[in-house]
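The structure comes up first, and the notes follow.

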Amino acid sequence: MRVELDHALLLAARGEMRRLVQSVDAESGLAVATSPVTLPSLAPLREKATWLHEQLPMVGNLAAIALLLDEDGDGTTVVTVPEGGWDAATLVGQAGDQRFGPGFVEATGLEGEELSALLLTLGSVGRDLPPGSAMTAAELRRFVVDHPRVATALQSTLPLGTGPAGSLRSLTGPFMTAPGGAAEVWDQRRADARELFASLSPDDAAILAMTYPSIVGNLAGVPFANRAHANTVNVVAALADERRELADLREQHARNQDDWHFLGLNNDDLEGPIGNLEDRISLYESILEDDRTIVFFDLAGDGAIAELHGTIDARTRNVGVLVPGTGSDLSNYEGGVARRSRGFVNTNAAGELAMVSWMGGDLPDDVVADAPFASYSLDLGPRLAEFSRDLDQEIGSATDSRPSVTVAGHSYGGAVVGRSELSGLVADRVLHIESAGMGHDVRDPDDLPDSQSSVDRYSMTAPGDIIELTQGVQIGDIGHGADPDHFDGTTRLHTGDRVDGSLNTGPDSHSGVFEEQSDAWRNMYEVFTGGVVETYRSPEYQVPRSPHGPAIPVQVGWQDDGERIDIR
């Protein structure tokens, strides 16, 4: 037998049944409480109310089935009733798996009303449902945070059918190269993704993002707010995995307290991984608690992440992107590039500066073994350029004033920024901070494409930073192009003194330049905000007398005054 199911009617019926049950319970309870004698006539009525209440999950399941299998969007679904009668719980599981991928329902670990509520919510995008029949986006977010298994299951969802899910699927499939090349296709897909999410209500856009987090979280063109919705789900799943791994390592650590090996392979080797896990868990917990705007998230390798600090809206006058260097990964992201970016945003009380911390893939782990090689920047440079186009689109959609964009790279991050210029980085200003170089094979401005001709470039390298020894050195695959401080057209900036008045020089200056309110930090801030910068000042050295042979020159100050330039 074939039966037509109308999801709106079924949901309305469920609502009426629920209200009737509540009314019968309340009224009969009041009658029992106020009557001086027992009223036998109330017993059957309350039994019927109990029976009605027991049917609610079945009706909810039928409504979910009707919604999930409604491919043409007309609000109805025809299903075949098995000879043995309805088994709504089995049917809703099959419908969920058919819509979101094999094994999805089992992977959530949900059943009953929790399962039907989730499926109704995930299937609600672009559909007319009675008010209150599905969760809001905020309610879905809380539900996912409280149910990590649901987050993990959502990472395997596949967009099928028509409507918004079908449009999303079309943005990820293979394509034939357009007359303008692959770049033209990617630009069109970026525009189509923006248009898809902009066409939905804010709630529907957020729910669509959370329904397909593995696709939406890093998808070019998706509004940053919706990428953050998707990445909330991805972070919840990552947090659950990291917590399980940490529990295993802690158990192993406790079990192996007395282990020892003459090669040093003992329990101490677990302390580093445990510490890294604890740091990543702390990061994920902060992201969820503070509802941070994560616009890129990937656990491959050492992990990748990009985060928007502040907001991009009508007040925004400047947007900065900060790319970290060697040794950066998810375990130190919070105390490194994220903290530095937040510091710049928090200083701008007017809310006119937004920053992005961009760590879009693996960076070198070791200064000696990894950092000399260009392979990391060759991989990350094009990725950063692609992200700059997403950022440009986000800015264009959120503001009318077209804020200035500064992309800055610290240490190896400078080499990444340099290579991104070869791929057409969209930026008004580029800042090299204690940079490894202008990018592999970038030796002079003629090596850069025409798209970069209007970019203003700035650099700063503190005297005594050992990175000076590698700047401008390139042999084969080793090295990172020209020295940023002497690249034609680049303005070299003063690194100056620390907050306490001491010189910001020597090996510690490599990261010391980020000390908030120091001279170097103020120069960075002025570049990010389009203010007044101070140009390079030559170090002054003295040679102390020594009875024990040649003395080493010691910097005692600065020889000259820098020029103050308004870079607006």
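## Charges over rings

Arg492 places its charged end over the ring of Tyr536, 3.8 Å from the ring centre. Arg340 does something along those lines with Phe514: its charged end sits over that ring, 4.2 Å from the centre. Keep in mind that this is a predicted model.

## Aromatic pairs

How many aromatic pairs does the count come to? It comes to eight. One of them is Phe224 with Phe387, a stacked pair at 5.9 Å centre to centre, with 15° between the planes.

## Nonpolar cores

In soluble globular proteins, nonpolar side chains tend to be buried together. Here, the largest nonpolar core has 133 residues, and the members touching the most others are Ile305, Trp358, Leu384, Leu391, Ile433 and Met524.

Leu391 is a handy one to click on. Setting aside neighbours within four places in sequence, Leu391 is in contact with Phe224, Ile312, Val319, Val321, Val356 and Val405. Phe224, then, turns up both in the stacked pair and among the contacts of Leu391. There is also a second, separate core of five residues, including Val442, Leu448, Ala482 and Phe487.

Key
Residues are numbered from 1 along each chain as its sequence is written. This is a predicted model: local features need pLDDT of at least 70, side-chain atom pairs count only at pLDDT 80 or more; totals for chains, interfaces and linings use all residues. Side-chain values use heavy atoms; hydrogens and water are left out. Rings of Phe, Tyr and Trp (its six-membered ring) pair if their centres lie within 6.5 Å; planes under 30 degrees apart count as stacked, over 60 as edge-to-face and the rest as tilted. A charge sits over a ring if NZ of Lys or CZ of Arg is within 6 Å of the ring centre and within 35 degrees of the ring normal. A nonpolar core is a set of buried Ala, Val, Leu, Ile, Met, Phe, Trp, Tyr and Cys residues joined through side-chain atoms within 4.5 Å. Buried means under 20% relative accessible area, exposed over 50%, partly exposed in between (1.4 Å probe, protein chains only). Contact means heavy atoms within 4.5 Å.
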